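Reader: I am new to this structure. Please walk me through its salt bridges.

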Amino acid sequence: MNYGLLLSGGIGSRIGANMPKQYVKAGGHMMVSYALMPILQCSYIDKVYIVCENVWKEDILSDVRSLALDLNEMKVVGFAQPGENRQLSIVSGMEMILRDAEAFDIDDTILVHDGARPFLTAEMLNDCYNAIVGHDGVMPTLPMKDTVYESNDGKSITKLLEREKIFAGQSPELFNLLKYYDANMALMPDKISKVNGATEPAIMYGMDIAMIPGDENNYKVTSGVDMAEFVRIKEGNSP
């Protein structure tokens, strides 16, 4: 069984909007709906869970229905409550999956994606599932374009890092479900609050994570500039 987990519990504090950024509309639909659509349409994915506050459940389903009337919305089988941070929201989603499932296979997977990444493509999803064969997980990555330095105190440069060995991670991230759950449990209750990215627990646990080429268009909306670009693209406006 391949599960999809969409994270839509953030508050979008850096955007400055009057609602969480993933619920801002452009082109007639919410950002989270654009992130969810390719996951629902992906033939690899059997069931989808969404992490969000209760007040947004019906809005998400209604908006997705209006995007594609022929969409099999029955793939959305559950809503989980957000955790105190992003990683605990992932744990919340996995715990709901584990409670709901009657049985598990050692090859079951979970795909984790952000509701604030509205430009996910079917090609990216297919690449993830093709690459996980023989591995414990997959993460799309982008090479660093800028020269990268390390600083011990944030005030002066300590050393130059090898740019060729440094990559920026993106979502969606795909994992073997049971191994990834164990990886997160190994960090409970205190260490998990310090996790910055979904793949971090997997690496700390010794899981084998394959890298695939990322997509620069698959950016996460985190700033006002990002939001303006999202609106421009979805409204069909020229640069």
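Reader: Which residue forms a salt bridge with lysine 179?

Author: Aspartate 136 does, with the closest N and O atoms 2.8 Å apart. This is a predicted model: local features need pLDDT of at least 70, side-chain atom pairs count only at pLDDT 80 or more, and totals for chains, interfaces and linings use all residues. Residues are numbered from 1 along each chain as its sequence is written, and side-chain values use heavy atoms, with hydrogens and water left out.

Reader: Why is the contact between lysine 179 and aspartate 136 called a salt bridge?

Author: The term needs a side-chain nitrogen of Lys or Arg within 4 Å of a carboxyl oxygen of Asp or Glu. Lysine 179 and aspartate 136 come to 2.8 Å, so the pair qualifies.

Reader: Why is aspartate 136 called buried?

Author: Buried means under 20% relative accessible area, exposed over 50%, partly exposed in between (1.4 Å probe, protein chains only). Aspartate 136 has 14%, so it counts as buried. Lysine 179, at 39%, counts as partly exposed.

Reader: What makes aspartate 114 and arginine 117 a salt bridge?

Author: Their side chains meet at 3.7 Å, N to O. The limit is 4 Å, so the pair counts.

Reader: Is arginine 117 buried or exposed?

Author: Buried, because its relative accessibility is 10%. Aspartate 114 is also buried, at 7%.

Reader: Which other residue forms a salt bridge with aspartate 114?

Author: Arginine 86 does, at 3.1 Å between the closest N and O atoms. Arginine 86 counts as partly exposed, at 26%. Arg86, Asp114, Arg117 and Glu173 are linked in a network of salt bridges.
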